[in-house]
Structures are given as structure tokens and as C-alpha cells.
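Here's a quick briefing to read alongside the sequence and the coordinates. Have both open and click along as you go.

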Amino acid sequence: MNRSHVQKIGFVFLTLCAIAVVAPILVVIGIVFIEGVRVMSWEFISAVPHEGMKEGGIFPAIVGTLLLTLGTAICAIPVGVGGSVYLAEYAKDNWMTRAIRLAIVNLAGIPSIVYGLFGLGMFVLFMHMGTSIIAGVLTLAIMTLPVIISTSEEALRSVPTEFRTVSASLGGTRWQGIRNIVLPQALPGIITGIILGLLRAAGETAPILFTVAAFYLPRLPQSPFDQVMALPYHLYVISTQVPGMPLSVQYGTALVLLILVLSMNFVATIIRSYFRRRRQW
Amino acid sequence: MVEPKIRIEGVNYFYGEFHALDNISMEIPSNSVTVFFGPASGGKTTMLRLINRLNDIVEGTRMSGSILINGKNIYDSDINLAELRRRVGMVFALPLPLPGTIRENVVYGLKLAGIKDRNRTEEVLERSLKQAAIWDEVKDRLDSPANALSGGQQQRLCIARSLALEPEVLLLDEPTSGLDPISTRKVEESLHELKKLYTIIIVPHSIQQAARVADQAAFFLMGKLIEYRPGTEIFTRPREKRTEDYITGRFG
């Protein structure tokens with residue numbers, strides 16, 4: 001066997017690997033789309049469910065998921081980005097910051113159901129928030145923080161040190177250098193971290209299970225202390241808890257969740273590439 | 001006796017255990033070009049960076065002694081660092097344009113200082129680009145990205161960026177090390193104009209350059225100031241054997 005054969009075999013193998021990665025995603029999206037598109041209608045996305053959720057639409061669940069994601073963004077982005085700026089730009093390298101970093105890495109690996117239980121104990125019971133949007137949002141935000149902090153810190157660190165030195169040499173304070181040079185340059189990476197974190201929050205069931213999600217609530221929330229329906233939990237409910245639920249409704253719900261998440265991803269990618277084009281180094 | 005622009009008194013500097021500067025004392029007159037030269041890691045760049053306190057950023061360093069500018073110790077606790085660095089500009093060995101356009105680079109220091117007046121910034125833009133001998137090359141594309149310029153142009157842009165703040169002292173750390181001979185000559189020629197307005201201290205990238213630009217020159221070796229005399233004397237009739245050895249290329 002000569003070298004060009006080895007090369008060909010290697011090439012075929014790598015191609016197969018690439019296909020093995022992409023194929024399941026395409027199959028999942030394909031099946032969900034083909035099965036789900038049948039129930040897709042204006043009513044399905046704009047009406048409340050009735051007849052034991054077998055009829056009507058999933059509007060409250062869509063609104064619930066959007067509200068939870070928005071709330072998570074409002075809570076997690078300032079804290080996450082602020083924390084990463086502190087860790088990357090200000091914190092000295094000592095045992096305390098090393099402990100913080102270790103904690104962040106470990107938090108990112110904790111199963112989401114554990115965050116759900118923590119939210120139940122901390123926000124719902126101990127802080128008397130009850131099963132509510134605010135308790136769910138705080139739980140999701142805590143789950144999202146480690147992802148945002150670690151990717152943002154990485155993005156900040158990848159900005160060349162020289163920019164900070166130059167800014168200082170021109171009479172800039174440390175914050176002026178961060179504000180004017182470092183943050184804009186790190187923005188594409190920071191946005192990536194935010195997207196990753198928020199997409200996870202939007203799609204998770206476990207953290208909202210005990211903290212906010214309503215089994216059946218055919219109206220929109222009136223205050224942050226109301227419960228809401230949410231798409232991932234609703235999907236779980238109609239797939240396992242309701243006998244005789246038409247399969248097409250389950251696929252339809254899954255399709256809406258997928259479209260929601262993918263379009264969030266798409267918008268974020270556009271924002272990111274806009275800022276990346278403006279970056280120059 | 002005229003008060004020198006900068007007076008360095010008994011400066012010692014340590015990176016951890018490494019004694020980078022050993023009891024340096026010297027006086028630097030205003031409106032002249034002073035050269036710090038010597039072999040690598042002799043302390044010349046460290047000495048330069050102490051004059052606008054850029055080494056403050058480096059962790060694990062220690063300094064003693066004092067550096068006076070216009071008779072005022074810049075290591076006093078009441079010194080405003082941002083203001084000091086506006087008065088003492090710095091140009092680095094590598095051209096380091098900031099992200100953004102040529103215009104944004106030049107006026108960045110003004111922006112930091114809170115100066116936004118359009119007439120003022122336009123005036124400063126043109127003046128400093130002219131002083132750095134790059135105006136004719138960039139005047140038609142002030143809003144194009146700074147990193148699209150050639151290396152030599154970028155370095156002159158960085159000089160212009162420092163000059164925009166009208167510093168009293170300009171520190172140049174091997175400003176021509178990455179440049180071709182023509183760009184190098186342009187930078188050196190601009191120094192002769194600039195010293196009429198500013199006090200210039202330069203770490204040259206070659207001994208020939210040192211001899212071309214120096215009004216006075218200081219020879220640094222292993223953290224010590226060996227010899228400090230007018231350029232016309234030190235390069236032709238050095239007093240110290242070690243200076244002579246270095247200038248004639250016997251070591252370093």
C-alpha cells in the first residue's frame with residue numbers, strides 16, 4: 001500500500017466522520033419538520049390550548065419561553081460580562097481568583113436538574129417567591145452564568161495586551177482602555193458566549209420544572225410572580241403525561257421550539273459577524 | 001545652571017530578584033535628543049519606561065530612587081498617572097496602531113482626555129501627522145483603517161498619535177526597528193524638527209542611528225550607567241574601555 005492509497009483511505013474516513021456528525025442533526029430537523037408542519041397553522045401558534053391540550057394552540061408556552069429567555073438575558077448578561085471583565089482585566093492571580101475560576105468551570109458541568117432543585121430550595125421556598133417567573137428566571141440565569149463568564153473571559157484575554165499598554169501610554173485609565181478598545185474587540189466572542197448560554201436556557205426543562213413551569217395554564221402571565229407554560233416543559237407534558245395526545249401536536253410543538261432556538265441563533269450570528277467585520281487585527 | 005528637564009536620582013529597579021537598574025543618576029536637558037544605548041537587557045528600555053511609569057503595570061517589580069520632571073518627582077503619591085502619561089508620550093518598538101481608522105488613532109488620546117471639540121481635533125490631527133512626516137501620504141484617506149498602512153507608515157502614525165497630546169517629553173523605544181531604511185530616515189529627520197518643541201529620549205536600534213541622532217548619549221551595560229556624555233564625544237572619543245569595545249563592535 002503506497003502513500004497515495006493511505007491518503008485516500010484517510011480522506012474517506014475523515015469524510016465519513018464529518019457525515020456522521022452532520023447526519024443526525026439533519027435527520028432530527030427533517031423528521032421534526034415533516035411531522036410537525038402538518039399541524040402548523042396561525043391558530044397553532046396564536047391560540048391557547050383547549051380540549052385537554054389536544055386542540056387549539058401553544059401560544060402561552062411560546063410567550064412563556066420568550067419571557068423566560070428575555071428575563072435570563074436581563075439577569076445574566078450584565079453580571080456575566082461584568083464578572084468576566086473583573087476576572088480577565090482586574091483580578092490578580094492569587095488563590096481566591098483561582099478558586100473562583102475552578103468554581104466556574106465546575107458550575108458549567110453541573111447537571112441542569114441540580115440547578116432546578118437549587119432554585120426550588122433557594123428561590124421558591126427559602127425566599128418565598130413561590131413557583132413564579134422570577135424564580136425560574138433566577139434559576140436559569142445562575143445556570144447560564146458560568147457559560148457566559150468563561151467564554152467572555154476567554155474573548156477578553158485574546159485581545160492583545162499591547163492595546164492596553166498603548167491606551168495607558170496615551171493617558172488612558174485602565175477602564176478607558178477596556179471600554180474603548182478591549183470590550184469592542186472582544187464583543188464577537190462575548191456574544192458567542194451569551195448565545196450559547198441563552199440557547200441552553202431556552203431549551204432546558206429541568207431548571208424550570210419546579211420553579212416556574214405550569215402544567216396547563218391557558219392564559220398569559222400578569223406579573224413576575226405568576227407561573228407560565230414553557231415550550232420544553234409543555235413538550236415533556238404532552239409527550240408523557242397526556243394519554244391520547246396526537247403525535248402531530250407533539251412534533252408541532254417541537255418544531256416551534258426548534259424554530260425559536262434556531263432563529264435566535266441566526267440573529268445572534270448576524271450580530272456577531274457584524275462586529276467581527278469591524279474588528280481589525 | 002539651568003534646571004534639567006528630567007533629573008534621575010539614584011534609581012534602582014528589580015524584576016523579582018533581577019537587579020535591572022543599578023543606582024542610575026543622570027540629568028536630561030530639554031529640547032534635545034538623548035540616546036540610551038547598549039546591549040540587550042542592559043536596562044535602557046526599563047529606564048525609558050520608568051519615565052512615564054509604564055512599568056507600574058508589571059507585577060512583581062520594585063523601584064527606589066526618584067525621577068523628577070520640571071523638578072517634580074513623578075513617583076510622588078499625588079501624581080495623576082493619566083496626566084503624567086499625557087505629558088510624557090511613548091512610541092513602542094513595534095508599530096501598534098489601535099483598531100480603527102487613521103483619524104481615530106491620532107485623536108484617541110484627546111478622546112481619553114475628554115476633548116471632543118471638532119475644530120480642535122481636526123487641527124491637532126493635521127499638525128501631528130505633519131510633524132510625524134506622514135501627512136502627505138494619508139491626508140486623502142484619514143478614515144481608512146490604520147492597519148492597512150505599511151509598517152513604516154504605521155510607526156509614523158504612532159508617533160503622530162503621541163504628538164497629538166503635545167507631550168513635553170517623547171520616549172521612543174527602538175521606533176525604527178521594524179522599518180525599511182527610507183522610513184527610518186524619515187523618522188530620524190523628523191526628530192530634528194521635533195526636538196525644537198519636545199524633549200526626546202530614544203533607544204536607537206543601531207549604534208549608527210545613535211550616532212546620527214544623539215545630542216547626548218548614555219551607555220547602559222548590565223543595569224549600570226557606564227558613560228553619559230555629548231554624542232559628538234562619546235562615539236568618537238569614548239572614555240570608558242567598555243564603551244569603546246561596544247561601539248567598535250568588540251562585544252554586544
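In which helix of chain A is Arg276(A) found? Arg276(A) sits in helix 11 of chain A, which covers residues 247-278. Keep in mind throughout that this is a predicted model.

- Arg276(A) counts as partly exposed, because 13 other C-beta atoms lie within 10 Å.

**Chain A as a whole**

- Chain A has eleven helices and two strands.
- Reading from the N terminus, the order of elements in chain A is α-α-β-β-α-α-α-α-α-α-α-α-α.
- The C-alpha trace of chain A spans about 70 × 70 × 35 Å along its principal axes.
- Of the 281 residues in chain A, 41% are buried.
- Among contacts in chain A with a separation of 6 or more, 76% come from residues 24 or more positions apart.
- Chain A is split into domain 1 (1-31) and domain 2 (63-278), and the C-alpha centres of these two domains of chain A are 34 Å apart.

**Where chain A touches chain B**

- The contact draws on 16 residues of chain A and 19 residues of chain B.
- On the chain A side, helix 7 (161-169) and helix 8 (174-203) each supply at least two of the residues that touch chain B.
- Helix 7 of chain A gives the most to that side, with six residues.
- Sorted by class, the side of chain A that touches chain B has six nonpolar, eight polar and two charged residues.

**Chain B as a whole**

- Chain B holds ten helices and ten strands.
- Its C-alpha trace spans about 50 × 45 × 40 Å along the principal axes of chain B.
- What radius of gyration does chain B have? The value for chain B is 18 Å, which agrees with the figure near 18 Å for a compact globule of 252 residues.
- Buried residues make up 44% of the 252 residues in chain B.
- In chain B, 69% of the contacts with a separation of 6 or more are between residues 24 or more positions apart.

**Helix 7 of chain B**

**Helix 4 of chain B**

- Helix 4 of chain B has 14 residues, for which 1.5 Å a residue predicts a span of 20 Å; its end C-alpha atoms are 20 Å apart, which agrees.
- Buried here are Val124(B), Leu125(B), Ser128(B), Leu129(B) and Gln131(B).
- Looking down the axis of helix 4 of chain B, the buried residues fall within an arc of 155°, so they line one face of the helix.
- Asn119(B) and Glu123(B) are exposed on the face of helix 4 of chain B turned away from its buried side.
- For packing partners, the buried residues of helix 4 of chain B have helix 3 (102-112), helix 5 (135-138), helix 6 and helix 7 of chain B.

- Most residues other than glycine have a negative phi.
- Ala133(B) is not a glycine, but has a positive phi of about 55°.
- Ala133(B) lies in the loop between helix 4 and helix 5 of chain B, and is partly exposed because 19 other C-beta atoms lie within 10 Å.
- Ser41(B), also a residue other than glycine, has a positive phi near 50°.
- You'll find Ser41(B) in the loop between strand 3 (33-37) and helix 1 (44-50) of chain B; with 13 other C-beta atoms within 10 Å, Ser41(B) is partly exposed.

Methods
Residues are numbered from 1 along each chain as its sequence is written. Chains are lettered from A and ligands numbered from 1 in the order in which they are written. This is a predicted model: local features need pLDDT of at least 70, side-chain atom pairs count only at pLDDT 80 or more; totals for chains, interfaces and linings use all residues. Two residues are in contact if their C-beta atoms, placed from the backbone, lie within 7 Å. Helices (H or I, at least four residues) and strands (E, at least two) are DSSP runs, numbered from the N terminus. Ala, Val, Leu, Ile, Met, Phe, Trp, Tyr, Cys and Pro count as nonpolar, Asp, Glu, Lys and Arg as charged, and the others, Gly among them, as polar. Domain bounds come from an automatic or database domain assignment. The radius of gyration is taken over C-alpha atoms; the globule rule is 2.2 Å times the number of residues to the power 0.38. A residue is buried if 20 or more other C-beta atoms lie within 10 Å of its own, exposed if 12 or fewer, and partly exposed in between; C-beta atoms are placed from the backbone. The expected span of a helix is 1.5 Å times one less than its number of residues. The arc is that of the directions from the helix axis to the C-beta atoms.
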